[in-house]
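Here is a short report on one protein. Have a look at the structure before reading on.

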Amino acid sequence: MKSINDAHVARPGLAVVEVAAADDATAFTLQHLPAAHRAIAPADRTTRERGEPGVRLRCSLDLHQQPDT
């Protein structure tokens, strides 16, 4: 995975959430949990690391913004 961009954590309330899961469905389900309460920049795909089990997903979370409805 690429390194975390400074802009994603430039001030309090911004976070990068990394998910490691067995499969895509689990990773995307977990991504939607914080999206119900706060604004996120969702990931549109998962990644697989050669030699590592499962998939990874990274999204950005902003605690100051409400989710789009």
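## Starting at Cys 59

This is a predicted model. Begin with Cys 59. Leaving aside neighbours within four places in sequence, Cys 59 is in contact with Ala 15, Val 16, Val 17, Gln 31, Ala 41, Pro 42 and Ala 43.

Where does Cys 59 belong? Cys 59 is part of the largest nonpolar core, together with Val 19, Ala 21, Ala 27, Ala 43, Val 55 and Leu 57. That core has 7 residues. The largest share, 3 residues, comes from β3. In soluble globular proteins, nonpolar side chains tend to be buried together.

## The overall plan

The protein has 1 helix and 3 strands. Along the sequence, the pattern reads β-α-β-β.

Take the contacts with a separation of 6 or more: 60% of them are between residues 24 or more positions apart.

Now look at β2 and β3. They run antiparallel and are joined by 3 bridges. Ala 41 has Ser 60 in β3 as its bridge partner.

Gln 31 lies in helix α1. Is Gln 31 buried or exposed? Its relative accessibility is 2%. The cut-off for buried is under 20%, so Gln 31 counts as buried. Not counting residues up to four places away in sequence, Gln 31 touches Ile 40, Pro 42, Ala 43, Leu 57 and Cys 59. Among these, Ala 43, Leu 57 and Cys 59 belong to the largest nonpolar core.

## Surface and burial

What share of the residues counts as buried? The figure is 23% of the 69 residues.

The accessible surface comes to about 5,000 Å². Carbon and sulfur atoms hold 53% of that surface.

Note on methods:
Residues are numbered from 1 along each chain as its sequence is written. This is a predicted model: local features need pLDDT of at least 70, side-chain atom pairs count only at pLDDT 80 or more; totals for chains, interfaces and linings use all residues. Side-chain values use heavy atoms; hydrogens and water are left out. Helices (H or I, at least four residues) and strands (E, at least two) are DSSP runs, numbered from the N terminus. Buried means under 20% relative accessible area, exposed over 50%, partly exposed in between (1.4 Å probe, protein chains only). Contact means heavy atoms within 4.5 Å. Accessible areas come from the Shrake-Rupley method with a 1.4 Å probe; for residues, only the protein chains shown count as cover. A nonpolar core is a set of buried Ala, Val, Leu, Ile, Met, Phe, Trp, Tyr and Cys residues joined through side-chain atoms within 4.5 Å. Two strands pair if DSSP finds at least two bridges between them.
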